[in-house]
Amino acid sequence: MIALPTLAAPAKRALVAKGTESLHELCPYTRREVASWHGIGPNALFVLEAELLKHNLAFKMEEPST
């Protein structure tokens with residue numbers, strides 16, 4: 001299990017509220033879903049994406065809209 005990076009308190013609370021305690025637990029969510037969580041701002045999203053990439057992980061791919 002890869003720990004979450006250090007984030008601002010609102011972002012940390014948002015992740016805890018969703019039961020997300022590791023980078024692996026972010027993978028079932030799309031970038032858009034995580035961005036919509038109250039407390040996740042652009043900087044937190046950037047940090048999370050960078051950490052996921054660093055560990056060869058990624059957010060779930062968006063479903064193509066039809």
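A residue is called buried when its relative accessible area is under 20%, exposed when it is over 50%, and partly exposed in between (1.4 Å probe, protein chains only). The model is predicted, so local features need pLDDT of at least 70 and side-chain atom pairs count only at pLDDT 80 or more, while totals for chains, interfaces and linings use all residues. Residues are numbered from 1 along each chain as its sequence is written, and side-chain values use heavy atoms, with hydrogens and water left out.

Helices are DSSP runs of H or I with at least four residues, numbered from the N terminus. Helix α3 comprises 13 residues, 42–54. From first C-alpha to last, α3 reaches 18 Å, close to the expected 18 Å; the expected span is 1.5 Å times one less than the number of residues. The buried residues of α3 are A44, L45, L48, E51 and L52. Viewed down the axis of α3, these buried residues fall within an arc of 130°, so they line one face of the helix; the arc is that of the directions from the helix axis to the C-beta atoms. The face turned away from this buried side carries the exposed residues P42, N43, F46, L53 and K54. Just after α3, N56 takes a positive phi of about 55°.

A search of the whole structure finds 1 aromatic pair. Y29 and W37 form this pair, which is edge-to-face, with 4.9 Å centre to centre and 85° between the planes. Rings of Phe, Tyr and Trp (its six-membered ring) pair if their centres lie within 6.5 Å, and planes over 60 degrees apart count as edge-to-face, under 30 as stacked and the rest as tilted. W37 is buried, at 8% relative accessible area, whereas Y29 is partly exposed, at 24% relative accessibility.

Key:
Helices (H or I, at least four residues) and strands (E, at least two) are DSSP runs, numbered from the N terminus.
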